[in-house]
Amino acid sequence: MKVGIIMGSKSDWPTMSHAAAMLDQFGIAYETQVVSAHRTPQLLADYAQGAQQRGLKVIIAGAGGAAHLPGMCAAFTSLPVLGVPVQSRALKGMDSLLSIVQMPKGVAVGTLAIGESGAANAGLLAAQILATSDTDLLAKVDAFRAKQTQQVLEHPDPSEA
Ligand code: RP5
């Protein structure tokens with residue numbers, strides 16, 4: 001497994017599945033697990049501290065509300081941690097975003113957008129990180145972007161179905 005996708009609750013999966021789907025597109029092996037900063041703190045410590053030794057290169061961590069998972073995960077490992085703010089019911093994910101993005105200097109989390117776009121882009125960014133040392137994967141990322149560009153250029157009329 002190259003990428004670990006963790007999330008605070010099963011209820012985060014509909015969002016975080018978009019990270020998994022992006023990794024699937026690139027044929028990147030990943031694992032998924034519920035790891036909660038609040039409900040299973042010891043599991044979080046064990047997961048993050050053992051991640052590098054188990055061969056993971058990037059961790060994607062999604063959580064909602066008082067979303068401490070990405071920051072605490074980053075505190076336990078020097079692997080790159082990509083944080084996905086899951087959209088919460090009460091505050092629409094602003095709480096998640098602000099909890100994740102405002103890391104104090106010295107411990108870094110790469111924060112993505114709220115919700116599905118952020119999860120998908122976390123998968124894409126993980127692919128781009130891995131592609132820095134994998135030319136086959138870099139070619140796939142380039143092809144993905146070229147196809148996206150082509151689709152826009154081939155259909156410039158916004159009223160077209
Ligand atoms: C967070 O609390 C989770 O990441 C989830 O987004 C939120 C709600 O969790 P559940 O009450 O649905 O389990 O820890």
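Analyst: A helix axis here is a line fitted to the C-alpha atoms over the stretch in contact, and the angle between two axes is taken between their N-to-C directions, on a scale from 0 to 180 degrees. The model is predicted.

Start with helix H5, residues 116-131, and helix H6, residues 135-154. Their axes lie 8 Å apart, and the packing angle is about 140°. Angles over 145 degrees would count as roughly antiparallel, and those from 65 to 115 as roughly perpendicular. H5 and H6 are therefore oblique to each other. The crossing of H5 past H6 is left-handed. On the H5 side the contact involves Ala127, Gln128, Leu130 and Ala131, which meet Leu137, Leu138 and Val141 of H6. By residue type, this contact has 6 nonpolar members, 1 polar and no charged.

The other pair is helix H2, residues 41-51, and helix H3, residues 69-76. Their axes come within 8 Å and cross at roughly 50°. An angle has to be under 35 degrees to count as roughly parallel, so at this value H2 is oblique to H3. The crossing of H2 and H3 is right-handed. H2 contributes Leu44, Ala45, Ala48 and Gln49 to the contact, while H3 contributes Met72, Cys73 and Phe76. The residues where H2 meets H3 divide into 6 nonpolar and 1 polar, with no charged residue.

Now the annotated site. In the UniProt record, an unreviewed entry, the annotation "binding site" covers Ser9, Asp12 and Arg39. These positions span 31 residues in sequence, yet no two of their C-alpha atoms are more than 14.5 Å apart, so they gather at one spot.

Ser9 sits in the loop that runs between strand S1 (3-7) and helix H1 (13-26). There are 18 C-beta neighbours inside 10 Å of Ser9, which therefore counts as partly exposed; being buried would take 20 or more. Leaving aside residues up to four places away in sequence, Ser9 touches Val34 and Ser36.

Arg39 belongs to the loop between strand S2 (30-34) and H2, the helix that crosses H3 at roughly 50°. With 11 other C-beta atoms within 10 Å, Arg39 is exposed, the limit for that class being 12 or fewer. Of the annotated residues, then, Ser9 is partly exposed and Arg39 is exposed.

Technical notes
Residues numbered from 1 in each chain as written. Predicted model: local features only at pLDDT ≥ 70, side-chain atom pairs only at ≥ 80, totals over all residues. Helix = DSSP H or I, 4+ residues; strand = E, 2+ residues; numbered from the N terminus. Left-handed = near helix turned anticlockwise from the far one by under 90°. Contact = placed C-beta atoms within 7 Å. Nonpolar A, V, L, I, M, F, W, Y, C, P; charged D, E, K, R; others polar. UniProt positions renumbered as here; feature names shortened; annotations may be inferred.
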